[in-house]
Amino acid sequence: MISMTRPDIRWHAPGSAGFIRRDLAGVAALHDPRSGETHLLDLLSLRILDMLADKAQTAGELAENLARELDARAEERAGLAHRVAETLHEFDRIGLIAPRADDPVARQS
Amino acid sequence: MQRHGGGGRPWEKSLGETAEIQRDDHAAVAQAPRVAPPRPPVSDAADAALRRGDFRFRIGPFATRLALSSPLARRDFRAIYGEYPQYPADRAVDFHLRIAPTSLLRRWVRPNAMVQAGIGNAPFVPLPADLGFLALESAMNWMVATTADAWLMFHAGVVARKGRAVMMPGLSGAGKSTLTAGLAVSGWRLFSDEFALLRPETGLFHPYPRPVSLKNRSIDIIAERAGADRISRRFLKTPKGTVAYLKPPEEALRLMDVPASPALLLFPEYRPEERARIEELRPAELFALTRSASINCDRLGETAFTAIADLVARCRGFRLFYGNLDQGMTMVGELMERVA
């Protein structure tokens, strides 16, 4: 697991095409066939995963894109960035995301 | 003796016959294959077969070939399983179990009973010979839990009424066996007090009506309702205290090939010191609790995930806190009416 103190790492969700999802009234149950694990994701976490499935991003880019999408106020952005960092940490821990393989920063870690 | 013809097992036929859900049990019986009611085996023949090791019987979808060397274990088995259908000798069985002393010495000196299931590293330990029947029950639990992956299994009681089933997952001590037994002798059809068997392909629960294990105070509570003749002798000084078994009602065995549609998921907790109440579970909570009650969801992977998600989508779920058996049973009945 890569330290979250490297904000320049570009994260992506390489296995996302194989994830199986079911909606549970605002919470998503997500099954990862690679690990056999099942996870429950709230809407924000699910959106972060979907954004990384579409395009590799750093934590900062994710937070910025989310803030724009959610029309977050200035005073909300710090909290949103913190939430993004926490979510990336957890996704990395459970194997839903990984640094881009061609990312020079990740290779140095 | 009830026999089954060739061309698949009865429950496999019932998958096609009962694809339509929401049927009354009486209608289901009318459409189920007509077979003669099972008759208790002739004592001497059954006893001889148990000694030889070629006694075959069926409970729901599982057929077992059994050998019991102890006369007391054979007597207990015939007293408790005497109404179950036997199984033809020309058909393959699912499990082959032998309960016997660990050595010739142990037949006479501090006699014991040990399970032999033909599987290495099985977690069985010898029990005193007078608990040979408990060794058999433990062995069947273990064999089903570790091998029956054609089913999505839950550690739960299941009863049904009018073709609709309620599943009641719960840890040991939560009261689910007593509640299941109480319902089973009060007009509900017993599917199981221990294993909920869900067919992933159809989403239906299938019966597996084993004798219901009762412990300590629950024995007298259920005996009063069911009649003392439906309760086995008491097995003393077991790891769980005093244990006895409720023989399933006749209907549970007669309809053991008739599945039911899931209607309600209940998580009962016996809390006599608290006020009785129900708490409805949100879908995500219900999914998490139901999945945690599954015995083999990790082995089944995607199949289990989809089946559990489908189950949660079609059922409402509640925590049920109750203070006595009558109260718990009433609450189950009212909840079933509510979700109808």
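Mentor: Let's start with burial: a residue is buried if 20 or more other C-beta atoms lie within 10 Å of its own, exposed if 12 or fewer, and partly exposed in between, with C-beta atoms placed from the backbone. In chain A, buried residues make up 25% of its 109 residues. Keep in mind that this is a predicted model, where local features need pLDDT of at least 70 and side-chain atom pairs count only at pLDDT 80 or more, while totals for chains, interfaces and linings use all residues. Residues are numbered from 1 along each chain as its sequence is written, and chains are lettered from A and ligands numbered from 1 in the order in which they are written.

Trainee: How many helices and strands does chain A have?

Mentor: Helices (H or I, at least four residues) and strands (E, at least two) are DSSP runs, numbered from the N terminus. Chain A has 4 helices and 5 strands, and their order from the N terminus is β-β-β-β-α-α-α-β-α.

Trainee: How many residues of chain A are in contact with chain B?

Mentor: Two residues are in contact if their C-beta atoms, placed from the backbone, lie within 7 Å. Here 11 residues of chain A meet 11 residues of chain B. On the chain A side, strand 2 (20–23), strand 3 (28–32) and strand 4 (37–41) each bring at least two residues. That side has 7 nonpolar, 3 polar and 1 charged residues; Ala, Val, Leu, Ile, Met, Phe, Trp, Tyr, Cys and Pro count as nonpolar, Asp, Glu, Lys and Arg as charged, and the others, Gly among them, as polar.

Trainee: Which way do strands 2 and 3 of chain B pair?

Mentor: Two strands pair if DSSP finds at least two bridges between them. Strand 2 (residues 62–68) and strand 3 (residues 95–100) of chain B are parallel, with 5 bridges, and B:Arg65 sits opposite B:His96. Strand 3 of chain B also runs antiparallel to strand 4 (residues 112–116) of chain B, through 3 bridges; there, B:Arg98 has B:Gln116 as its bridge partner.

Trainee: Why does B:Ser213 count as buried?

Mentor: Because B:Ser213 has 23 C-beta neighbours inside 10 Å. B:Ser213 belongs to strand 11 (residues 212–215) of chain B. Leaving out residues up to four places away in sequence, B:Ser213 touches B:Glu137, B:Ser177, B:Asp193, B:Val243 and B:Tyr245.

Trainee: And how many residues of helix 7 of chain B are buried?

Mentor: In helix 7 (residues 176–184) of chain B, 9 of its 9 residues are buried, including B:Ser177.
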